[in-house]
Amino acid sequence: MQTLHVDLGERSYPIYIGDGLLARPELLTRHVAGRQVAVVTNETVAPLYLEALMRSLEGFRVASVVLPDGEAFKNWETLQLIFDGLLKARHDRRTTVIALGGGVIGDMAGFAAACYQRGVDFIQVPTTLLSQVDSSVGGKTGINHPLGKNMVGAFYQPKAVLIDTASLHTLPQRELSAGLAEVIKYGLICDEPFLAWLEENMAALRALDGAALTYAIERSCAAKARVVGADERESGVRATLNLGHTFGHAIETEQGYGVWLHGEAVAAGTVMALEMSHRLGWLSVADRDRGVRLLQSAGLPVVPPQDMSPEQFLEHMAVDKKVLDGQLRLVLLKRLGEAVVTADYPREILDATLRTDYAALAQSFNS
């Protein structure tokens with residue numbers, strides 16, 4: 001087992017990474033202050049891992065809330081089901097909420113914990129690669145709004161993050177690829193040597209090689225922990241973690257939540273960020289193509305929806321959380337391994353990026 005730490009003073013917490021950690025009850029119980037626990041999970045994950053988690057919580061008063069599965073349910077109505085479960089089981093202010101599932105479950109359970117009786121403890125037990133390397137770490141919680149993804153929520157840190165890599169063996173290949181989009185992101189924004197490692201080990205990752213997965217998760221979480229420790233509330237460097245997300249969130253909102261997986265939309269959005277960075281003269285063609293090829297090798301889409309117009313992208317991007325004083329800030333790459341958040345770009349460069357023929361770009365790699 002590897003243990004990392006997110007350094008936030010009195011609110012610091014550990015990230016445990018290893019195989020079979022759900023069978024180690026002490027890793028959870030040391031972070032449960034009261035006698036009540038509420039496990040929030042979904043219909044897909046519950047049959048796989050809820051019983052094992054319950055065994056690790058013997059001696060506590062445990063209730064479970066099983067939600068419908070999918071990004072389409074990340075909304076007010078589903079959030080109310082968590083509050084209903086907490087209230088019906090009479091959970092008090094010393095209860096601990098445990099999020100067992102992917103990013104949707106982690107975001108909603110964390111938001112419910114931030115709100116219930118004005119704040120109760122919670123623990124993240126992420127079961128998808130995307131949630132393990134990204135959404136479970138850093139305290140971002142929330143739900144979607146019909147006009148914008150993750151526009152309603154709170155910064156609320158967990159007491160611990162427990163990453164059992166064994167859960168990835170039940171993950172569909174499409175979900176695994178979606179998680180790899182966030183892994184690749186860390187190499188692009190702050191760790192260029194990691195890109196070379198990913199290029200050499202992508203086949204092993206997609207084949208669920210345990211050593212490769214553990215290394216990729218640890219390196220990704222370490223990068224995120226450093227950034228969150230330096231900028232918890234995204235007033236500066238933390239925004240670079242959103243590479244590809246402004247374009248990607250527009251795709252998710254326009255297409256309908258859940259039609260594209262979050263990681264798939266981020267991958268296509270990252271290609272757009274690579275293209276715009278190239279058009280600004282910051283990335284060479286070779287560097288742009290290196291990023292696109294790596295996303296392709298992970299089994300990810302590198303072509304945005306061809307039925308989306310530039311106007312539709314701009315409409316959704318206008319409500320992005322990085323918009324300040326009416327200016328759209330984008331995460332772009334000065335070079336591979338160095339990201340920047342900027343609104344200082346010519347509008348015609350953004351327009352050209354939105355009008356690029358990405359299908360032709362992708363096809364050029366296969367010809």
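Is Ser131 buried or exposed? Select Ser131 and find out. Ser131 is buried, because its relative accessible area is 1%. (Buried means under 20% relative accessible area, exposed over 50%, and partly exposed in between, with a 1.4 Å probe and protein chains only.)

Two notes before going on. This is a predicted model, in which local features need pLDDT of at least 70, side-chain atom pairs count only at pLDDT 80 or more, and totals for chains, interfaces and linings use all residues. Residues are numbered from 1 along each chain as its sequence is written, and side-chain values use heavy atoms, with hydrogens and water left out.

**Stop 1: around Ser131**

Ser131 belongs to helix H5, residues 129-135. (Contact means heavy atoms within 4.5 Å.)

**Stop 2: helix H8**

Select residues 210-230, which form helix H8. H8 has 21 residues and spans 30 Å from its first C-alpha to its last, close to the expected 30 Å at 1.5 Å a residue.

Next, colour the buried residues of H8, among them Ala212, Leu213, Ala216, Ile217 and Ser220. Lys224 is also one of the buried residues. What covers them? The cover includes strands S1 (2-6), S2 (13-18) and S9 (161-164), along with H5, H6 (173-190) and H7 (192-206).

**Stop 3: the core**

Which residues have the most contacts inside the largest nonpolar core? Select Ile15, Leu129, Leu205, Phe247, Leu330, Leu333 and Leu350; the core itself has 75 residues. H8 gives the most to this core, with 9 residues. (A nonpolar core is a set of buried Ala, Val, Leu, Ile, Met, Phe, Trp, Tyr and Cys residues joined through side-chain atoms within 4.5 Å.) In soluble globular proteins, nonpolar side chains tend to be buried together.

Centre on Leu330. Beyond its neighbours within four places in sequence, Leu330 is in contact with residues including Thr246, Phe247, Met276, Tyr345 and Leu350.

**Stop 4: the rings**

How many aromatic pairs does a search of the whole structure find? The search finds 5. Start with Phe122 and Tyr156. Their ring centres are 6.0 Å apart and their planes are at 15°, so the pair is stacked. (Rings of Phe, Tyr and Trp, its six-membered ring, pair if their centres lie within 6.5 Å; planes under 30 degrees apart count as stacked, over 60 as edge-to-face and the rest as tilted.) This pair links distant parts of the chain: Phe122 is in strand S6 (121-126) and Tyr156 is in the loop between S8 (148-155) and S9, 34 residues apart. Phe122 is buried at 1% relative accessible area, whereas Tyr156 is partly exposed at 22%.

Move to Trp197 and Tyr215. Here the pair is tilted, with 4.7 Å centre to centre and 45° between the planes. Trp197 is in H7 and Tyr215 is in H8, 18 residues apart. Two charges come next. Arg35 lies over the face of Phe60, at 4.3 Å from the ring centre. The charged end of Lys185 sits over the ring of Tyr186, 4.7 Å from its centre. (A charge sits over a ring if NZ of Lys or CZ of Arg is within 6 Å of the ring centre and within 35 degrees of the ring normal.)

**Stop 5**

Select Glu192, in helix H7. Glu192 is partly exposed at 28% relative accessibility. Its side chain makes a polar contact of 2.8 Å with the side chain of Arg290.

End at Gly244, in the loop between H8 and helix H9 (245-255). Gly244 counts as buried, at 3% relative accessibility.

Notes. Helix = DSSP H or I, 4+ residues; strand = E, 2+ residues; numbered from the N terminus. Expected span 1.5 Å × (residues − 1). Polar contact = N/O pair within 3.5 Å; in protein donor to acceptor, adjacent residues only side chain to side chain.
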